[in-house]
Amino acid sequence: MKLTTPITKEKLAGLKAGDAIEITGTIYTARDAAHKRMNEMLDCGEELPFDIKDAVIYYVGPTPAAPNHVFGSAGPTTSMRMDAYAPRLYDLGLSVSIGKGYRTQAVVDAIKRNHAAYMVAIGGAGALLSQCIKKAELVAFEELGPEAVYRLEVVDFPVTLAIDGEGHNLYEE
Amino acid sequence: MREFDVRQLTEAVSTMVQDVNYRYPADVKHCLDSACEKETSRIGKATLEYLKLNAAIADEKHIPICQDTGMVAVYLYVGQDVHFTHGSVNEAIQEGVRQGYDKGYLRKSMVSEPLFERVNTKDNTPCMIYTSIIDGEQVILEITCKGAGSENMSVIEMLKPAQGIEGVKQTVLNAVKKAGPNACPPMVIGVGLGGSFDYAAYLAKKATVRSCDSAHPDPRYAALEDQLLSEINQLNIGPQGLKGDTTALKVNIETHATHIACLPCAVNISCHITRHARREF
């Protein structure tokens, strides 16, 4: 199954936990420190560094790109560390988060409430996944190094739907 | 007495941290290949094939296998008849980490303190250095570049001696169940038994540095390593937590004498890459 961004709620309707999906289009990187910053920005009433509506966030902290490489190694990090912030972002329109591993019930509930999705990429397959990244551009928080936010253009980025819009959870089937 | 130029340590650490981040250690690759052959779950086998393909791309295109290129721990064994020259041993090792992570385009993942500002040190130092004195004139360097997804799932239990083998098994199995997909299975499990609270944790980490082609020298503990591996692989967590026979590639146990009242059991969980290397000088 192929999905192109923006991933609207309509495109997610009918997809089931366990479905293999390839994403093409724009996705944003953000992990621990970037989530903390974005949460603080929201607390202060500031705009997020990118439009969260129907957006895809990829939980990743890449290696630095070597010369002649578009991006570094870029596999998913453990999603659970973002669980304190994820429900708020889903409620603001986030469509898909991509990471690896379990989510807390609060995140499952937020996904269900918003008919959104949580997808998982293969942990530790950073070299292979980097081959799907065709363009990378720094968006915010450069000082955070590997935790900065990048806008990535990806082609056929392989993921598995882990929690679908009805709250079905791949890890509990 | 042997004179030893500490600059050799810088060069060795720099090379070793790069090597293990671009190519699986031979022992771990061997376990991964053999698990892939035996895996009976379709999705499990496909996932293991995916990891093998990832390893091939990392090697061919020179991209780190995983973006988490780890927190470095160095185990330095120093012969008591060795005299170090040309500077500080500790600084030479830190410099090796600095150079390796810079030259190798590896991710700098260290923050200077754990709680308040968490500012990235931007060169992946400081690493943790454990030094032991051994007999003779040899210097031995072992390193591990440990990813955090698996490290975070590690546990320690101060068991009662009466809990015995069953207590140890339950502690290890519970840790693996809780880790699930978070720890990037198939995992390598390091178990530290005995010593004290802190020493058991040290042993557990050191067990993941030991070759996955090795066994505990005491046949009773070697048998326990095999039993634990077999029971872990019956949990049906599978590669990446997507079900299957391959939840762990290897269980290594390290042991130490302990107090009459103690049975410390530490479980250090490592991922399918388990970057470790050893060099003898």
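**Entry 1: confidence**

What is the mean pLDDT of chain B, and what share of its residues reach 70 or more? I found a mean of 97, with 100% of the residues of chain B reaching 70 or more. For the term itself, pLDDT is the predictor's confidence in each residue, from 0 to 100. The predictor also gives the complex an ipTM of 0.92 and a pTM of 0.94.

I noted the ground rules too. This is a predicted model, in which local features need pLDDT of at least 70 and side-chain atom pairs count only at pLDDT 80 or more, while totals for chains, interfaces and linings use all residues. Residues are numbered from 1 along each chain as its sequence is written, chains are lettered from A and ligands numbered from 1 in the order in which they are written, and side-chain values use heavy atoms, with hydrogens and water left out.

**Entry 2: salt bridges**

I searched the whole structure for salt bridges (a side-chain nitrogen of Lys or Arg within 4 Å of a carboxyl oxygen of Asp or Glu).

In chain A I looked up Arg31(A), whose side chain meets that of Glu147(A) in a salt bridge at 3.5 Å, N to O. Arg31(A) sits in the loop between strand S2 (20-29) and helix H2 (32-43), and Glu147(A) in the loop between strand S6 (133-140) and strand S7 (149-163), so the pair ties together parts that are 116 residues apart in sequence. Helices (H or I, at least four residues) and strands (E, at least two) are DSSP runs, numbered from the N terminus.

Are the two partners buried or exposed? Arg31(A) counts as buried at 12% relative accessibility, and Glu147(A) counts as buried at 18%. I wrote down the scale: buried is under 20% relative accessible area, exposed is over 50%, and partly exposed is in between (1.4 Å probe, protein chains only). Arg31(A) and Glu147(A) also belong to a network of salt bridges with Asp32(A) and Arg81(A).

Lys205(B) is buried at 10%, whereas Glu151(B) is partly exposed at 22%.

**Entry 3: one face of a helix in chain A**

Next I checked helix H4 (residues 105-114) of chain A, where Val107(A), Val108(A), Ala110(A), Ile111(A) and Asn114(A) are buried. Seen down the axis of H4(A), these buried residues fall within an arc of 160 degrees, so they line one face of the helix. The arc is that of the directions from the helix axis to the C-beta atoms. I kept a reminder beside it: an α-helix has 3.6 residues a turn, so residues three or four places apart point the same way.

What do the buried residues of H4(A) pack against? I listed helix H1 (9-12), helix H3 (86-91), strand S5 (117-120) and S7 of chain A, with contact meaning heavy atoms within 4.5 Å. Just after H4(A), His115(A) takes a positive phi of about 50 degrees.

**Entry 4: a sheet in chain B**

I then followed an open sheet of 4 strands in chain B, with the order S4-S2-S5-S10 and mixed pairing. Two strands pair if DSSP finds at least two bridges between them. Strand S4 (128-134) and strand S10 (275-280) stand at the edges with a single partner strand each, so one side of each is left without a neighbour in the sheet. Neighbouring strands here are turned by 10 degrees against each other on average, direction ignored.

Strand S2 (residues 71-79) and strand S5 (residues 139-146) of chain B pair in the antiparallel sense over 8 bridges, and Leu76(B) stands opposite Leu141(B) in S5(B).

Which helices did I find against this sheet? Helix H1 (residues 7-22) of chain B packs on the sheet, touching S2, S5 and S10, and its direction makes about 40 degrees with that of S5(B). Helix H4 (residues 89-103) of chain B lies across S2, S4 and S5, running at about 140 degrees to S2(B). For these angles, axes are lines fitted to C-alpha atoms, for helices over the stretch in contact, and angles run from 0 to 180 degrees between N-to-C directions.
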